[in-house]
Amino acid sequence: MGRLHVLSARGDMQVTWDEKKAAESDPEAIEAIREAKRIFAEERAKGGVAFKVAPGHTTERIDTFDKTAEHIVMVPKVTGGE
Amino acid sequence: MFPPIVLAAVLILALAVAAILWCFLSEPVLRSLKGMASSFRDCIEGKRRAEALLRKLLSEEEYRQLTWRGYLEVRSPSIPNRVYHIPKYRGQVHVYEQGRRVMVLCVQPTEPVPDADVVLMHKLMIEGNEQEYLRVANRLEPTSYRHYL
């Protein structure tokens, strides 16, 4: 199962998908991946940065949606603070 | 029997109390109170979700360190002997090299997010996008800050 987490004031908004089912042409799984891709692109357009994360593995910044990822975390744009 | 002046005073007081109650319980005020309660619930739920995500994405050791020490130590992926101390609650990130504090960084998200999400944001940016993190950060001299981490 893959999971996209978008950080926000209300906690993370999540979209999940099952890559195996999508490979078997399951329409719901394909739709879930399409929705996750759409949100990924929308957040990137707002300046968000995406990271592929798996506990115990190296964090990797990604610029394109990866449906094989276990977790993708989208962080809002950051700026220098005071 | 009470004198008329006392009765009049009681009547005026009762009317004043009724007017105040009416003002407080009028539709806009009730709507505003409901909105505040809803925002408060969202805020609590947001904090709970952020904490759960952080718990899921940190290792046991990292989470224990954050809870007990009040900060999360993240190793620099590109600079040997450099570690970042990310505070549990929002604040500055302290940078150490060979045990000496060399820099204090201020970085914040442009959108408000719960404290646990801020910790995750720092960790991911340092591990996966360190150069950009350092580029946007405001840097402060370590000597001007009290050593608390």
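Helices (H or I, at least four residues) and strands (E, at least two) are DSSP runs, numbered from the N terminus. These legends describe a predicted model, where local features need pLDDT of at least 70, side-chain atom pairs count only at pLDDT 80 or more, and totals for chains, interfaces and linings use all residues. Residues are numbered from 1 along each chain as its sequence is written, while chains are lettered from A and ligands numbered from 1 in the order in which they are written.

**View 1. B:Val95 in strand 3 of chain B.** Here we're looking at B:Val95, which sits in strand 3 (residues 93-97) of chain B. B:Val95 counts as buried because 22 other C-beta atoms lie within 10 Å; the cut-offs are 20 or more other C-beta atoms within 10 Å of a residue's own for buried, 12 or fewer for exposed, and partly exposed in between, with C-beta atoms placed from the backbone. Setting aside residues up to four places away in sequence, B:Val95 touches B:Arg82, B:Tyr84, B:Arg101, B:Val102, B:Met103 and B:Leu105. Two residues are in contact when their C-beta atoms, placed from the backbone, lie within 7 Å. B:Pro142 is 47 residues from B:Val95 in sequence, with 8.8 Å between the two C-alpha atoms.

**View 2. The loop at B:Asn81.** B:Asn81 belongs to the loop between strand 1 (71-75) and strand 2 (82-87) of chain B. It's not a glycine, yet B:Asn81 has a positive phi of about 70°. Buried or exposed? B:Asn81 is exposed, since it has 11 C-beta neighbours inside 10 Å.

**View 3. Helix 2 of chain B crossing helix 4 of chain B.** Two packed helices are described by the angle between their axes and the distance between the axes. For helix 2 (residues 27-57) and helix 4 (residues 115-136) of chain B, the axes come within 7 Å and cross at roughly 35°. Those axes are lines fitted to C-alpha atoms, for helices over the stretch in contact, and angles run from 0 to 180 degrees between N-to-C directions. The crossing of helix 2 of chain B with helix 4 of chain B is left-handed, meaning the near helix is turned anticlockwise from the far one by less than a right angle. On the helix 2 side of chain B, the contact uses B:Ala50, B:Glu51, B:Leu53, B:Leu54 and B:Leu57, and helix 4 of chain B brings B:Ala116, B:Asp117, B:Val119 and B:Leu120. The residues of this contact split into 7 nonpolar, no polar and 2 charged. In this scheme Ala, Val, Leu, Ile, Met, Phe, Trp, Tyr, Cys and Pro are nonpolar, Asp, Glu, Lys and Arg are charged, and the others, Gly among them, are polar.

View 4. Start with helix 1 (residues 4-25) of chain B: its 22 residues should span 32 Å at 1.5 Å a residue, and the end C-alpha atoms are 31 Å apart, which agrees. The expected span is 1.5 Å times one less than the number of residues. Helix 1 of chain B is hardly covered, with a count of 0 buried residues among its 22. Now helix 4 of chain B: it has 22 residues, but its end C-alpha atoms are only 20 Å apart, short of the 32 Å a straight helix would reach. This helix 4 of chain B bends by about 120° at B:Asn129, the bend being the angle between axes fitted to the seven residues ending there and the seven starting there.

**View 5. A:His5 and a neighbour from chain B.** A:His5 is part of strand 1 (residues 2-6) of chain A. With 26 C-beta neighbours inside 10 Å, A:His5 counts as buried. Leaving out neighbours within four places in sequence, A:His5 is in contact with A:Asp12, A:Gln14, A:His71, A:Val73, A:Met74 and B:Leu53.

**View 6. Where chain A meets chain B.** How many residues does the contact take from each chain? It takes 25 residues from chain A and 29 residues from chain B. On the chain A side, the elements giving two or more residues are strand 3 (49-53), strand 4 (60-62), strand 5 (71-75) and strand 6 (78-80). The residues on that side of chain A divide into 10 nonpolar, 9 polar and 6 charged.

**View 7. A:Lys20 and A:Ser25 in chain A.** A:Lys20 lies in helix 1 (residues 19-23) of chain A, and A:Ser25 is in the loop between helix 1 and helix 2 (27-45) of chain A. A:Lys20 is exposed, with 10 other C-beta atoms within 10 Å. A:Ser25 also counts as exposed, with 8 C-beta neighbours inside 10 Å. Phi of A:Ser25 is positive, near 65°, in a residue other than glycine.
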